[in-house]
Amino acid sequence: MQPIRSATVIGSGIMGSQIAAHLAGCGISVLLLDVPTEGKDRSLVANKGRDGLKKVKPSPVYSADAMDLISTGNTADHLAEAGKTDWIIEAIIEQPGPKQELFKKLSAHMGPNTILATNTSGIPLKILGEGLPASVQERFIGTHFFNPPRYLRLVEVIRGPRTSQVTFDRINHVLGAVLNKVAVPALDSPTFIANRIGVHAMVATVKIAKDMGLTVEEVDALTGPVIGRPKTGTFKLVDLVGIDTLGHIINGLKQAFPNEDFSTDASIQGLIDKKLFGRKSGAGFYKKGKGKDDMQVLDLKTGEYRPEAKARFEELKEVSKEESIEKKYRKLFAAEGRGAEAAQRILSTTLAYAATVAPTVTEELSYVDEAMELGFAWEAGPFKIIDAIGPEGFQAACAKYKIEVPAWLFQPAAGDARTYKLEGGNIAIRDLPKSGAAAGRHILKPRGLNLATVRASSKAVIATTDATLWDIGDKILLLEFHSKMNSMGPISLDMIIKSVDKANDGWDGLVIGNQGQNFCAGANIAMVLLDAANGEFENVDAAIRMFQRASMAIKYSGVPVVVSPHNMALGGGCEFVLHSNRPVLSPETYMGLVEVGVGLLPAGGGTKELALRTYQNNKPALALNTLAKVFELIAMGKVSTSAKEAFDMGYLDKRGVIASNESTRLDQAKAEAVAMSRAGYRPPAPALKIEVLGTEALAAFDTGIFMLREAGFASEHDALIAREVGYILAGGKVTAGTMVDENYLLDLEREGFLRLVGTKKSQERIEFMLKKGKPLRN
Ligand code: NAD
């Protein structure tokens with residue numbers, strides 16, 4: 001297959017500029033074009049689009065240097081250049097005319113292998129591709145990114161009437177293996193999958209709210225996490241997207257589907273008429289009042305603003321706490337009360353609509369689920385939720401609320417009406433009803449390693465409340481954490497040590513990783529505080545020793561231990577990554593040694609490991625420079641904003657690997673373990689002779705700390721912590737050139753940690769973090 005190495009993005013607005021940024025962040029060189037302007041700089045619009053990226057938050061690129069891969073131009077002077085790139089993505093105004101005109105011009109310049117893609121939100125490709133030469137139509141495809149393109153992993157891939165298989169395969173490959181996306185094939189019907197169902201959900205919710213007399217706050221309380229959707233609920237999300245934008249999409253849907261009810265409430269049109277578009281115009285369904293905490297809300301009955309009144313539904317309190325999807329939705333549908341009824345009605349309407357449109361928008365039910373989970377950040381897609389409620393339960397709810405559902409949904413296939421079914425350790429997915437046939441069969445679809453399936457289909461090797469060890473085949477074990485926030489307490493630490501022991505007893509390797517929200521948020525500091533406040537420092541000492549034992553077990557295991565973080569890998573979580581001889585990171589990994597934030601220092605081997613690496617990898621004369629960078633990382637608790645940045649910052653060296661896609665990260669981690677084992681894995685030799693810089697480094701750190709204090713960047717307590725960190729990195733107060741070993745550095749870590757945890761100010765920091773969830777700078 002021909003790889004895609006270069007691209008052109010046309011349209012440098014919200015989507016085009018950020019798509020260009022993400023491509024560049026993933027190593028693809030990009031030409032960004034927009035309309036030409038009169039005057040000296042004919043590419044002014046595209047230049048502005050590119051420059052604007054620096055201000056976008058959160059950052060649209062993995063690291064700042066990626067911006068160098070974006071060059072700019074305009075559609076009058078640079079179409080020939082565009083035609084030489086591998087992939088052209090159109091992201092201009094959402095109107096068929098200008099898009100068609102642009103494609104016609106482009107087709108005169110396109111090289112024989114260039115792919116032409118549109119980022120349209122909803123215009124069918126059969127319309128956009130009309131009149132293009134056949135050879136271009138074969139290379140014409142839809143790649144519908146979601147906003148923000150770096151972070152939302154969904155890309156709907158739409159085949160036009162003549163799109164070739166080669167084009168489809170090349171696009172799927174670049175999206176999956178290079179851009180960390182999930183390519184979901186969608187049929188060429190207006191607005192495709194996610195927007196059709198997502199926007200219908202919003203419109204239907206407003207209608208039910210009116211019908212039941214619900215307030216804006218009540219709707220948002222009912223359509224957030226309680227039903228598995230983001231905290232923004234419905235109206236806050238509409239304010240965020242822009243009420244005008246939503247209005248355009250709804251109008252498009254009305255035209256495309258005249259037989260469906262996309263009529264909207266007068267309140268939406270009222271806001272559009274008054275140019276109250278939501279966040280971007282300062283007011284929408286919500287409006288900031290004069291005071292700091294004063295929020296005004298639109299009254300749906302009167303159309304006037306009034307002070308916000310927080311909504312709470314007692315009958316749904318238990319539902320929100322439930323972590324298991326099955327139990328959650330069953331509880332929701334068993335609950336009674338006004339709020340419960342509204343939530344059941346709102347959710348059932350969307351589930352029924354998804355089932356109704358599924359055969360016309362997708363070739364596979366699971367794609368609908370993936371689209372809603374990855375494009376709209378729903379916790380579970382419609383068909384997973386129907387399975388969770390149970391087909392009978394859902395049927396009863398639809399009957400109760402008089403919601404129409406297609407009959408095939410409840411007709412069992414081989415005795416089973418669920419969409420997903422476990423079959424011999426794999427998930428079988430129910431096929432869609434074809435040409436009017438009653439119900440599909442269940443078909444096995446090979447997917448990557450899925451821990452939910454492993455949990456449901458195999459017996460744990462070792463199981464505890466906070467962590468579980470699994471056999472994932474090919475003589476590889478996998479340890480997953482599942483304590484609250486995956487924080488490290490004695491049970492998880494003990495499990496690391498036990499899992500390494502087990503792996504060394506007849507297995508080929510161990511993977512430490514999971515597929516939850518985060519890898520690990522660090523140590524359980526509540527326990528540390530309790531012991532310190534009670535003066536039980538021997539308990540703290542024992543806990544740190546255990547932490548260090550766990551890290552050292554990972555590093556010196558006889559079989560490879562691949563630590564595989566994703567999202568947050570903080571404090572202790574970061575220390576385990578540092579001790580793995582081949583970490584495999586999700587592209588989105590936010591890792592850092594953040595202990596200073598709670599008045600402590602990394603003592604689970606993290607400070608030691610970074611010091612050791614610096615001394616081992618640099619000649620003594622050059623070590624000070626790198627050591628100063630490490631000092632800054634730890635003393636300022638710096639966290640990477642991507643895996644790429646974790647390398648650039650110096651947390652990782654060349655032994656680390658960035659997974660090509662989060663969805664297959666654990667497969668890749670396992671494959672690394674297998675490959676290392678087959679290649680005859682040997683752990684590193686114990687570090688017995690480390691030549692440290694001692695007083696020479698201490699003097700340099702002291703100057704740095706003095707300057708930070710003078711500039712007002714560090715409090716007295718920050719300076720105290722920084723001195724402790726510096727002491728370990730320097731190898732203590734010894735003359736430069738002194739030889740020490742690894743255990744000596746671990747002792748320094750422990751001693752420093754114990755001194756800090758005994759101070760009042762550090763204990764205040766821990767307490768503050770536990771209560772408020774953010775660091776105290778005292
Ligand atoms: P935008 O208005 O922010 O940007 C459009 C850009 O295209 C502007 O810079 C404009 O100057 C340029 N442009 C307009 N006509 C042009 C032409 N004929 N030739 C060259 N450049 C031209 O719009 P956007 O939100 O980035 O949307 C772009 C496309 O992406 C649309 O098709 C939209 O439906 C789709 N989309 C948008 C979102 C979103 O959330 N905004 C999400 C997915 C898809």
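**View 1. The shell around the ligand by residue class.** In this predicted model, the shell around the ligand divides into nine polar, seven nonpolar and three charged residues. Here Ala, Val, Leu, Ile, Met, Phe, Trp, Tyr, Cys and Pro count as nonpolar, Asp, Glu, Lys and Arg as charged, and the others, Gly among them, as polar. The ligand is surrounded by 19 residues, each with a heavy atom within 4 Å of it. Met15, Asp34, Glu94, Lys99 and Ser121 are the closest. Helix 1 (14-25) and strand 6 (140-145) each bring at least two residues to this shell; helices (H or I, at least four residues) and strands (E, at least two) are DSSP runs, numbered from the N terminus.

**View 2. Polar atoms at the ligand oxygens.** A polar side-chain atom of Asp34 sits 2.7 Å from a ligand oxygen. For Lys99, a side-chain N or O atom is 2.7 Å from an oxygen atom of the ligand. Ile92 takes part through its backbone, with a polar atom 3.2 Å from a ligand oxygen. On its own the ligand exposes 820 Å², and the protein buries 72% of that (Shrake-Rupley method, 1.4 Å probe).

**View 3. The largest nonpolar core.** Which residues touch the most other members of this core? They are Phe285, Leu332 and Phe383, out of 100 residues. Helix 15 (residues 338-361) gives the most, with 12 residues. Such a core is a set of buried Ala, Val, Leu, Ile, Met, Phe, Trp, Tyr and Cys residues joined through side-chain atoms within 4.5 Å, where buried means under 20% relative accessible area (1.4 Å probe, protein chains only).

**Notes.** Residues are numbered from 1 along each chain as its sequence is written, and side-chain values use heavy atoms, leaving out hydrogens and water. Local features need pLDDT of at least 70 and side-chain atom pairs count only at pLDDT 80 or more, while totals for chains, interfaces and linings use all residues.

Methods
Polar contact = N/O pair within 3.5 Å; in protein donor to acceptor, adjacent residues only side chain to side chain. Buried < 20%, exposed > 50% of the residue type's maximum accessible area, 1.4 Å probe, protein only.
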